[in-house]
Number of protein chains: 2
Amino acid sequence: MEYLDLIERPTLLLDRRKVLANIERMAVRAEAAGVRLRPHFKTHQSAEIGAWFRDYGVAAITVSSVDMALGFAAAGWDDITIAFPVNLRQMAAINGLAERVRLGLLVESAETVRRLDEQLTAEVSVWLKIDAGYGRTGIHWENEVALLETAAAVSEVNHLKLAGILTHSGQTYGAGSAEGVRRVFGESVARMKRAQAVLREQGFEAAVSMGDTPGCSLADSFEGLDEIRPGNFVFYDLMQQQIGACRLDDIGVALACPVVALHSERGRIVIYGGAVHFSKELLPGPDGGLNFGRVVALNENGWTPLGEEVRVASLSQEHGIIQADGDLLASVKVGDVLGVLPIHSCLTADLLRRYLTLEGGRIECINK
Amino acid sequence: MEYLDLIERPTLLLDRRKVLANIERMAVRAEAAGVRLRPHFKTHQSAEIGAWFRDYGVAAITVSSVDMALGFAAAGWDDITIAFPVNLRQMAAINGLAERVRLGLLVESAETVRRLDEQLTAEVSVWLKIDAGYGRTGIHWENEVALLETAAAVSEVNHLKLAGILTHSGQTYGAGSAEGVRRVFGESVARMKRAQAVLREQGFEAAVSMGDTPGCSLADSFEGLDEIRPGNFVFYDLMQQQIGACRLDDIGVALACPVVALHSERGRIVIYGGAVHFSKELLPGPDGGLNFGRVVALNENGWTPLGEEVRVASLSQEHGIIQADGDLLASVKVGDVLGVLPIHSCLTADLLRRYLTLEGGRIECINK
């Protein structure tokens, strides 16, 4: 049976060929640079997709929650960094994980180090979370006092071993161009190397871990880094394409949505596919309006983008409203299926929690 | 054990007393006006919370998908309207439902009526979906040709019975004030009565069904209506409070989020609670910034709002960043739990899919 016949409701299509090419490209970049690729699995959240990475030499992963770590530990991964400030309210689960896998945790204050240690029953690696310019969380890269205090606290307690310093250069998302991404990423790398040197002067050896898909996709060099942790690259999405981190054709997922109403007089098509499927992440539309996703025509081999102006212009809980052109309005019927490339594939995948491949195979996410 | 001790990760707290008061208030309004309350269950999506409505005389419900209808049919509801343009790709499930319950479907074109009828094996009620000013979908209230054509098509086929005309006056959300909501809602009612009269002149009897929480919470009168279908009122949220549809104290859910990092120098607190918990619905903040939720202090009896300026100012996939004041920064520690009133409770509940009551009870949503 063709995959199109299996679509009854909003369904996240996955083009395995594109996804494997995305994984391979990043694995080759990392290998060429001699850095470890520790991909962030929060994007796909699937044991089956996770297993595809092993063929490209990936043995260590990143996740964003203790629960996700439990899911991937159950799927056989034994080297897992939880790239989120450690949640002291999940110590029972953290201790369970620490006994089974090489567990990496993030800390960003001496107080958290001490309180974490008091409640740990097994050894864990810790990364000092650094704010290298994004401003979300972490020790500010110039705050040498906090950096050294936290590293010293790690060295003074029993269950923590300093692995290194880690940042997410999320500021690359606003860099405006591929050149801008390279510049911002390079600036973050320099800040991390400075923090590493400050630690080294006081006798603390620390590896450097960086992660963000724009920077890891576009950087000319990973010199000075030990590890990269991109996640979104496995699927990419319209935001990455707009940033210049991927081509439109690299996007590996599309949300297939049944057409439920046509309003030719207004140039609009109503699809079953709303905020509970896409989330509400958006980009500016080509004509100044809002863009919640770009429409693609589906065929037995996958999808073909329609004009840039054909987009999801608004979202309710379950409805999406497509701003269509005359060609699309003339060809589509209620009961057909249209595809939509998501703005932010991580959030769309998190909402759908399963995939349909172009070969008609179902892939599930781990339990949330 | 107190409910606070049960919180390990982002957890949607439910204040049963407030929720029951919200249900009762709307049930009393409907009863006083002599209209049927057919509440929209997309907000809570829970069989257990659904059962609470029975004590207030509710026997008929609204849902927004075929899958949700299946879930509530399994929970014993036998009069269900799927308030979404009928999805012709789920005919097997629709036929299964039509054999077991009084099923209401929405149509908005003669073509869809005919194609639906061809594939139905049991009788269903249909509502003509009217666009009474919101502009999302439906037959435009002034389009008498389409209205009469669609009604005639219903009368000419075998499995469809015309129940009435139905609209969602979503334009009340932008009405700007309680008085504005009443005016916009009244305008929609007048448009629906006009469409009803057009149908009646041609011999088609049609009930009138209206649904939106601001209008149903604030309207002075439901005269001319047969049925109201509000949903969000069961919990309300910050958007409803801003509109004037509820008081801050009526909001029945709050997302409890562990504190994972403090940045006193920047006036910020990092919580475990992000876009995958809140969604990305937002309001303008009091100081011109963004507002993804208002912070409340949790105690054994529930929650107490902090100052209006204390809010979630940005969201990543799992992180929330609270813009805090000095009092909060001085009192909170990593590992504590803060509550956040959601901007849009429907989306937050859809993401969390379970609740924790203040008595420590767990309530699950139906399977998605």
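Tutor: Two residues are in contact if their C-beta atoms, placed from the backbone, lie within 7 Å. Keep in mind that this is a predicted model.

Student: How many residues does the contact take from chain A and from chain B?

Tutor: Apply the 7 Å cut-off to C-beta atoms across the two chains. Chain A gives 39 residues, and chain B gives 39 residues.

Student: Which elements of chain A each supply at least two residues of the side that touches chain B?

Tutor: Both helices and strands qualify. The helices are α5 (110–119), α10 (275–278) and α12 (345–352). The strands are β4 (79–85), β11 (253–263), β12 (268–272) and β18 (319–323).

Student: How do the residues on that side of chain A divide by class?

Tutor: Nonpolar residues number 15. The rest are 11 polar and 13 charged.

Student: Why do the copies meet through the same surface?

Tutor: Look at the interface residues of chain A. They are also interface residues in chain B, so the surface is the same; the share is 100%.

Student: At what angle do α3 and α4 of chain A pack?

Tutor: Helix α3(A) covers residues 66–74, and helix α4(A) covers residues 91–100. Their axes are 10 Å apart, and α3(A) passes α4(A) in a left-handed crossing. The packing angle is about 35°.

Student: Which residues of α4(A) meet α3(A)?

Tutor: From α3(A) come V66(A), A69(A), L70(A) and A73(A). The contact has seven nonpolar, no polar and one charged residues. On the α4(A) side are A93(A), I94(A), L97(A) and R100(A).

Note on methods
Residues numbered from 1 in each chain as written. Chains lettered and ligands numbered in written order. Predicted model: local features only at pLDDT ≥ 70, side-chain atom pairs only at ≥ 80, totals over all residues. Helix = DSSP H or I, 4+ residues; strand = E, 2+ residues; numbered from the N terminus. Nonpolar A, V, L, I, M, F, W, Y, C, P; charged D, E, K, R; others polar. Axes fitted to C-alpha atoms, helices over the stretch in contact; angles between N-to-C directions. Left-handed = near helix turned anticlockwise from the far one by under 90°.
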